[in-house]
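Please keep the model open while you read, and look up each residue as it comes along.

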Amino acid sequence: MPTPLLRGHVPGMGDSMPSERRAGHATLDEQGLSQNLGTPAGDRRDAIGIVRSDRRRPRRRAPPKGRRLSVRCLAAAMALALLGSPDRAAGAAPRQVTIGNGAGALRYPDAQKALNLQPGDTVYIAAGRYSGFSLGNLSGSAAAPVTVTCDPQAVFTTETPQVNAFPNIAHVRFENFRYETYKSTCMRITGASHDLLFKNFHITNVTGYTFHIYDAAKVFNGTRESAFYNFRWENVVVDGKTDGAAISSSDYASVSNLKSVLLDFEIYRCTFRNFDNTAQAFPVIGLDKCFNLRVHECTFSDIGMAASPIGHNVCIGGAGYFKVYNNKFTRQWANDVRIWPMKLNALGYGGKDAVSRFYNNISWEKRKYPVYEHNVVPQADLDKSSGYLSRTSSEICFNTLYRSRKAADSKDPYCGQLVDVYGADVAIRHNLIIEPEADAPFDPRRNYVYHLGAGPQPGLAVENNLVFRTPALAGLVDTVQFVPSRSSPAKDAATRRIEYITQDHYNHDRYQGAAADVGAVESPDAGK
Ligand SMILES: [Ca+2]
């Protein structure tokens, strides 16, 4: 049975919004910088309560008595020069600027100026419990990004929505952030923002859009500057969420508006777990107009079921072209990927690699929906896109799907094939499917590989996929690592190489022995 599309054709997920977004932000506490608390010895505090220090420089011994005055004068003059000038001398040693007094919201809408930051500097958030953090108008450089990092005893927590605005930030690395019981969007990124890293975040019990990259005023005009580009998340853990996406740009409108186009986004070694979503459906990652999204070596687990008929949860959803590989998905009442594949006819995002690819992934104990859903961007949207957007294809290769299950309790009609095909140009090759729809008797006549919800499609290429009733018949060593044994019928069973897939799920050589093994994992070749 066809999967119903959400309200209209909307790419991505949005038939619902977090309550925070509906409610607006009128009640926000606008209190800004906190001041006047104790200053650590050796640090100095400027007029707006910022502590400056440079802990990387060794402290010098006091100069001989006769020189002290002149050295003091010189030091004072240098300090004034540093504080007074936004153009600190090029090549000056990077500094660390400490902000925060242990409580309140941290607000630096004009951070470069207010904190006198230069490329290579570090902003250090002192220990404490903060309600929010805003940082705008700040640029490092490609060679020397600005780092914003937190004391291990710094935590963000709030029961009410916060501003948390990040306009015009570039070449900035955010590291070591902790959000606990955070009932607000964590970071709203707008303006001319690019080249950002979010690394080592631990985010628990949150609502709203955790990372929201969207600016209605930012409309793509063919230039890189009119897009958001080079965003990377690394080792970000989002654990426990009741509404809103973890990483989102969705505007619930036609893609032809070209608002907030995203280029070269990467989500690497991140963990998303315990998303409740029982009342409203949200993707974990929902990115529209996103070209060259790479999601790899991530784990998605326990993504909850939303009530039918609205409940179409998704781990990774949106429009554009995505490369999703070497991930683990389990116990998700959701598609692993739900995409409206399209390419961007500008800046090199429309070439032969402008294709959605899903490979080397392991998905098990999933519920309700197929792993990958390939949809169609409506022609009317393409026609209104000034020639920038056109459809592209999907390739689903070398994945392992184990014990998919129908959602018997919710009485949904959906089933657990590997691919749901609603449009043209889909290739499905070398996948391993074991114990499909585990709650129903195995039916050897059924097609567990794909489902044609909108009838036959041109450009459908399905070959060399293996389906087994049990893990024993598939010859797996276990259902933890999903490695084929030496006698597995999946071993060396792939009938061809795929140029862009050179490694398996565990980053081992993909083509050991006579040929690649079918499924996500290559068994070690005895001869090597
Ligand atoms: Ca092999």
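1. Two strands pair if DSSP finds at least two bridges between them. Helices (H or I, at least four residues) and strands (E, at least two) are DSSP runs, numbered from the N terminus.

2. Please remember that this is a predicted model: local features need pLDDT of at least 70, side-chain atom pairs count only at pLDDT 80 or more, and totals for chains, interfaces and linings use all residues. Residues are numbered from 1 along each chain as its sequence is written.

3. How confident is the predictor? On pLDDT, its confidence in each residue from 0 to 100, the protein chain has a mean of 85, and 80% of its residues reach 70 or more. Residues 1-86, however, have pLDDT below 50, and beyond near neighbours in sequence this stretch has 112 contacts in the model. A contact means that the C-beta atoms of two residues, placed from the backbone, lie within 7 Å.

4. Now for the overall picture. The protein chain has five helices and 36 strands. Among its contacts with a separation of 6 or more, 77% are between residues 24 or more positions apart. Of the 528 residues in the protein chain, 47% are buried. A residue is buried if 20 or more other C-beta atoms lie within 10 Å of its own, exposed if 12 or fewer, and partly exposed in between, with C-beta atoms placed from the backbone.

5. Next, follow a series of parallel pairings. Strand S16 (residues 228-241) pairs with strand S19 (residues 271-275) in the parallel sense over four bridges, and Lys-241 has Phe-275 as its bridge partner in S19. S19 in turn pairs with S21, also parallel and over four bridges; here the partner of Phe-275 in S21 is Ile-303.

6. The series goes on from S21. Four bridges join S21 (residues 299-303) to the parallel strand S23 (residues 328-332), where Phe-329 is the bridge partner of Phe-300. S23 then pairs with strand S26 (residues 362-364), parallel again, over three bridges. Which residue in S26 is the bridge partner of Lys-328? Look for Ile-362.

7. Finally, visit Ala-514, in the segment after helix H5 (471-474). Is Ala-514 buried or exposed? Ala-514 is exposed, because 12 other C-beta atoms lie within 10 Å. Its C-alpha atom is separated by 8.6 Å from that of Ala-493, 21 residues apart along the chain.

Notes
pLDDT is the predictor's confidence in each residue, from 0 to 100.
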